[in-house]
There are 2 protein chains.
Amino acid sequence: MRTVSFPELYAMFAETLNLVEDRLESLLEGDHPLFFEGTVHLLRAGGKRLRPLLALIAARVGESFARERGGGAYSGEAPEERERRLVHLGVSLELVHMASLVHDDVVDAADLRRGRATVRARWGEGAAVLLGDMLFAKALEEISSIGDRLAAEVLARAVYEMSVGEIVQLGDLYRPVTCREYLRRIRRKTALLIAASARLGARLGGAPPDVERRIGRFGYYAGMAFQLTDDLLDFVGTEEELGKPRGHDLAQGHVTLPTLLALRDPVLGPEALAALRTRRTAELLPDLVARMHERGIFEESRAFVARYVAKGEETLVPLRDRDGVAYLEGILHFIARRKY
Amino acid sequence: MRTVSFPELYAMFAETLNLVEDRLESLLEGDHPLFFEGTVHLLRAGGKRLRPLLALIAARVGESFARERGGGAYSGEAPEERERRLVHLGVSLELVHMASLVHDDVVDAADLRRGRATVRARWGEGAAVLLGDMLFAKALEEISSIGDRLAAEVLARAVYEMSVGEIVQLGDLYRPVTCREYLRRIRRKTALLIAASARLGARLGGAPPDVERRIGRFGYYAGMAFQLTDDLLDFVGTEEELGKPRGHDLAQGHVTLPTLLALRDPVLGPEALAALRTRRTAELLPDLVARMHERGIFEESRAFVARYVAKGEETLVPLRDRDGVAYLEGILHFIARRKY
């Protein structure tokens, strides 16, 4: 069976996604001009809205349980009320994502993001710190307003883990990390927020607790596949697709999967280690990337992605006949095959 | 009647405050070493724990209602359960306060806080941004775990307002703001979090909605008095008490109440304005402060504090015979009369 494409997924959930979009715009038009000015380009840069979309798909699966006896906390709820909760969830997920981008640009001292001046570059470090705080706080206020016992706690925990992941990454700069360390880091940095998106979508859709947890686990595998693909694309994408020079991560000292596979490679290892140790990494990069191609490092990286995709698919097996599950598969395949 | 002193207040609530302290320490001993290393000096620097203390006092007043018919949501609750909620509240308030200090030091590019190297100075800007994020997120997770419908929303809103207040302050640097602008700014920067502390304490203690709101309003007046006093002490405190040079705010371009009163003064106005406009403020400071003394600027500032104290007291009138109200008065007077 052909899996659903990403544009098809969008079209399918366009109505609620548009409500998310409208509410995001209206929240950001808040009382301080910088709040809007600093965020509107992030909002309109054509982000994929991956987290809200995943939450909506997960909610669809949850709903198929809510229509039955033994559904979750939100079974039997009026459709408008369910939609309202899902819009708040989608908005808060996107706000957290935006906040993390604004703060990441401070941490990385980045002047450009996708070809545009960052908040930090345009208004300074202090304003970027505070704007990120405003976005985080707004996200938590938005999710708290749902009134779900767990939602705010799960989201706050994901934000905490995300910040820990980032701080670990900061300590790992130019360090030849192990595969285990790397996977643990991207789990915290990326996968747990995506897992929370899926889990909370399922919960608010009306899934019973075991299904909520299962879909959360699916989200975790999808999140790992997402970051693994991101880290691979940094080496093999085109500059146009990436919006930044190829090998940018390694040039900045970030050791991701392809680099640590190169470090483990008997032939490439010493060369890769030297490139890190000297910190003249950027200079040595083009040559190193060419040799990584030769040694099959990027196929090996793709195999990692495939492993997480397989785990994600496996998680869905018991849900196979449920409404919406084909869309979860669709988003998983988009995540693994995307080129940008 | 003599009002209760601050040490007496502490002693009175020592048992629960110690639980707050223990839980703070154990949370900060979290999984990343920087989380503890970066926060432990903030924790042990002998902060006043003003917000948790205020929340506990407000809860005491709330409890006196919970023992009656028509109490709030938490009447009839077991004492251990009430204490658990209050500990979570106290911890989350203190974590928010700590997070804001860590981020403020990034915004102000400060190397020292109370004589110690800031997180920013010791581990860099990026680590300080992320550590502050971890603290904010932990605070929101902690308050969400209470499971109160409003608590997380009110706290997240206070964090949002605090960040807006800070960003407004950033835009107001060296600007001759009006009194109205100044009051609005400190309301957001400081008073709303203190108001939230009082309100949520009352709520979790068991106050009915109207009392919860009244005590929140009291907290707002107390918070305004707190920041007004802070801004006054910056001019009239001793360097030893302040842990920073006198007039530090103005030297950094922060226009607070004494400065804006000087700007309004027919004699001092032109001189004060020139000091701001040239941005040679630090240089001109000792002379300006001496002239502000002569012109009675600091007495005028004290009159503002007194006005908010009077409003706070007035708010308490309908609660006069309630258990704990004398302690609210005690904390209000401490706030207004403190020297550090």
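**View 1. Polar contacts and salt bridges between chain B and chain A.** Four residue pairs, both members at pLDDT 80 or more, are in polar contact across the interface of chain B and chain A. The structure shown is a predicted model. Two salt bridges are also found across this interface. In one salt bridge, R157(B) pairs with E141(A), and the closest N and O atoms are 3.3 Å apart.

**View 2. The helices of chain B that face chain A.** Four helices of chain B, α3 (33–44), α5 (79–107), α7 (125–144) and α8 (151–171), each supply at least two residues of the side that touches chain A. The largest share of that side comes from α7(B), with 14 residues. By residue class, the side of chain B that touches chain A divides into 21 nonpolar, seven polar and 10 charged residues.

View 3. The contact is made by 38 residues from chain B and 38 residues from chain A. About 3400 Å² is buried between chain B and chain A, and carbon and sulfur atoms give 68% of this area. Three residues, L130(B), Y160(B) and I167(B), supply 20% of the area that chain B buries against chain A, which is more than any other three residues.

View 4. L93(A) is part of helix α5 of chain A, which covers residues 79–107. Is L93(A) buried or exposed? Its relative accessible area is 0%, so L93(A) is buried. Leaving aside residues up to four places away in sequence, L93(A) touches R51(A), P52(A), A55(A), L155(A), L193(A) and S197(A). One of these, L155(A), is 62 residues from L93(A) in sequence, while the two C-alpha atoms are 8.1 Å apart in space.

Methods. Residues numbered from 1 in each chain as written. Chains lettered and ligands numbered in written order. Predicted model: local features only at pLDDT ≥ 70, side-chain atom pairs only at ≥ 80, totals over all residues. Heavy atoms only, no water. Buried < 20%, exposed > 50% of the residue type's maximum accessible area, 1.4 Å probe, protein only. Contact = heavy atoms within 4.5 Å. Buried area = accessible area lost by both parts, 1.4 Å probe. Salt bridge = Lys/Arg side-chain N within 4 Å of Asp/Glu carboxyl O. Polar contact = N/O pair within 3.5 Å; in protein donor to acceptor, adjacent residues only side chain to side chain. Nonpolar A, V, L, I, M, F, W, Y, C, P; charged D, E, K, R; others polar.
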